[in-house]
Amino acid sequence: METTVKTICPYCGVGCGLSVKVRDNRIVDVKGDKEHPANFGSLCTKGATVDQTIDTPNRLKFAQIRFNRSDPFEPVPLDGALEHLAEKYRSIFRDHGRDAVAFYVSGQLTTESQYVFNKLAKGAIGTNNIDANSRLCMSSAVSAYKLSLGADAPPTCYEDIELTECFLILGANMAECHPVLWQRIKRRANRKRVRIIVVDPRRTPTAENAHLHLAIRPGTDVALLNAMLHVMISQGWINPRFIRDHTEDWEKVRGMVEGWSPARAAKVCGVSEIDIHRAAFWFGQSADALSFWAMGANQSTQGVAKNLGIINLHLATGKIGRPGSGPFSLTGQPNAMGGREVGYMSGLLPGHRNVSDDAHRKEIAEIWGVPLPRIRPKPGLDAVRMFEALETGEVKALWVVGCNPLATMPNSNQIRRALEKVELLVVQDCYHPTETSRLAHVLLPAALNLEMEGTMTNSERRVSLLQPCVSPPGEARPDWEIGCRFAALMGYEEQFSFSSAANIFEEHKLCCSDVYALNMDGITYGRLKHHPIQWPCPTKSSPGIARRYRRKTFATPSGRARFHPVDDLPPADRITPDYPFALTTGRLAHQWHSRTKTGHVAKLGKLNPEPFVAAHPADAQRLGLRNGDAVRLISRRGVARTRLKIEESMREGSLFMPFHWGQSAGEDGCVNLVTHGEADPISRQPELKHNAVRLERDGGEAVKA
Ligand code: SF4
């Protein structure tokens, strides 16, 4: 019998709905869900081929254990593996304390799985050493929203695309990384008067379609944003009434941007003064303006400042809290937003709370049914510090859920040393081998999103229900179920007696109840079976609130949005004659993260077949390099080898290399061998978008950085 199941694409944060035809426990067709408001039936290549990621040769179907890394893995029943782990964890707690363990989880898990692992770490074990790959993705946006608007997450919705007159897209290659949304923007831009401004050092496919492309020097976004505001003030394109009635600390920002004339910013950013004026004019004088940004802004030692610089533009012009206007950070992963709801990063608690807040800990301890002292007040280790602590031996056990940090974390030589040092490495994943799982002691088989029930929240705060299309193979189980079984073995049966994902969602909702900007009391699995719903959604009759702050009351104690003065600071990794290029890393249209899924889809492999580093023709000529040459990138951390791709779209002095291939194209093919782990001081998001390197022809001999 054939059935049609509605679920969600497991890749980017657009959160496209899928309509999946299933026959005899096999997927026979995948289409975009015409009724889902994120995509109305559209899909990109990744979403359309997602069925091919289920039955791959590297699918992990059973638990496996080994006692030494030199031994082969032995298959064991899942319960046996969990009993072994419970014993090991008890012994580590006894000998080294509870902060000797850490968890590294993913924005690709369902909200329910993220919730369970966060509760397991912070509420049951009593360590805040849990962090997520969202640290590399969205943590700068989280910090900036909280600082400026008083609560995390964007105030906007996708419908604003069809209403705005000006798109400011900064550090986001939407044409390749959020393609379905990009199609909506392009359709809107066919209208008269609608403008697209793209800020990106590369002439990406997004920039190709812009009315104005500001190809700034990597890392100089704050200078540009300050100069745009400078122009808007001097030209009277700001909204003094909005500033007076709904914001605070305006004078501090006004004072800061006074010093950022377009002439000064033009020199710093390497763009023309006239283009800065034009960008300010379009943003300031359009009836509405919508700003999108992603990793290009966030992955920086100035990530929070860049976010605040964008939000300052919206507050100064009053272009927020109304249709067609507002700051709109894009989530890179399908459920980074859900992870933010459950507070799965090391300093957070569910419902956008903080571990350092006494009242927040008390509220969550009551919901979790754990003694208050169990939740520690000190933030745990963020991702970069977590891997440093593994290398020093401070942390003895790491449990990785749905991530491949050896391929994706910066400075992978350090990550390898850390993973080789850790006494117990548990990898819970759908696939094996991956770069990380090869170093594991215990492998736990996880179900894929297409095999389970759960929820995910996309970039516009819309919660969608995943419904199982097929059964998981072997002993693979939903991540939350594995976490609950382990918790029960550790003695926390009562707190983890969830019988279904829906059960977990109801407890998660309790954590969000009474939180001004995040209430989801009105969302139930029953309602989600019919249609996805945006939060806030305070009652069961509410359709969900598409735009927040319509009444211009922000989530700060005073109800006013806060301006924050931000200044331009240089990136951490200095450009010097020895390391003269600024290397950025990023995604391609047809691959996903470290290709554990997309690497098995032949069609995607043909579209993005191999790794490369892109350079400007003038740079290649100066170095005597030709297209396709074997080259090496050398940084202060290490050496990576790949092929050269000469592209007119590159800025001179800049290089770009996708991070998808990890070590799959050769042990020294991982771009993260040369990236660094310096991070934003507030958000602790590493600066993957600016790495000082030199580029050389590769003769094959060893190179010392
Ligand atoms: Fe999936 Fe994103 Fe493509 Fe939509 S745009 S199909 S969510 S990868």
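Visitor: In which loop does phenylalanine 40 lie?
Guide: This is a predicted model, in which local features need pLDDT of at least 70, side-chain atom pairs count only at pLDDT 80 or more, and totals for chains, interfaces and linings use all residues. Residues are numbered from 1 along each chain as its sequence is written, and side-chain values use heavy atoms, with hydrogens and water left out. Phenylalanine 40 is not a glycine, yet has a positive phi of about 45 degrees. Among the DSSP runs, numbered from the N terminus as helices (H or I, at least four residues) and strands (E, at least two), its loop is the one between strand 3 (26–32) and helix 1 (45–48).

Visitor: Which residue is joined to proline 433 by a cis peptide bond?
Guide: Proline 433 is found in the loop between strand 17 (424–429) and strand 18 (442–445). With omega about 5 degrees, the cis bond joins this proline to histidine 432.

Visitor: How are helix 3 and helix 20 oriented to each other?
Guide: Helix 3 (residues 111–125) and helix 20 (residues 479–489) pack at about 25 degrees, their axes 8 Å apart. The contact (heavy atoms within 4.5 Å) includes Val116 and Phe117 of helix 3 and Trp480 and Phe486 of helix 20. Axes are lines fitted to C-alpha atoms over the stretch in contact, and angles run from 0 to 180 degrees between N-to-C directions. As angles under 35 degrees count as roughly parallel, over 145 as roughly antiparallel, 65 to 115 as roughly perpendicular and the rest as oblique, the two helices are therefore roughly parallel.

Visitor: What is the orientation of helix 17 to helix 19?
Guide: The axes of helix 17 (residues 383–392) and helix 19 (residues 412–421) come within 7 Å and cross at roughly 50 degrees. That angle makes helix 17 oblique.

Visitor: Which residues of helix 17 meet helix 19?
Guide: On the helix 19 side, the partners are Gln414, Ile415, Arg417, Ala418, Leu419 and Lys421. On the helix 17 side, they are Phe387, Glu388, Leu390, Glu391 and Thr392.
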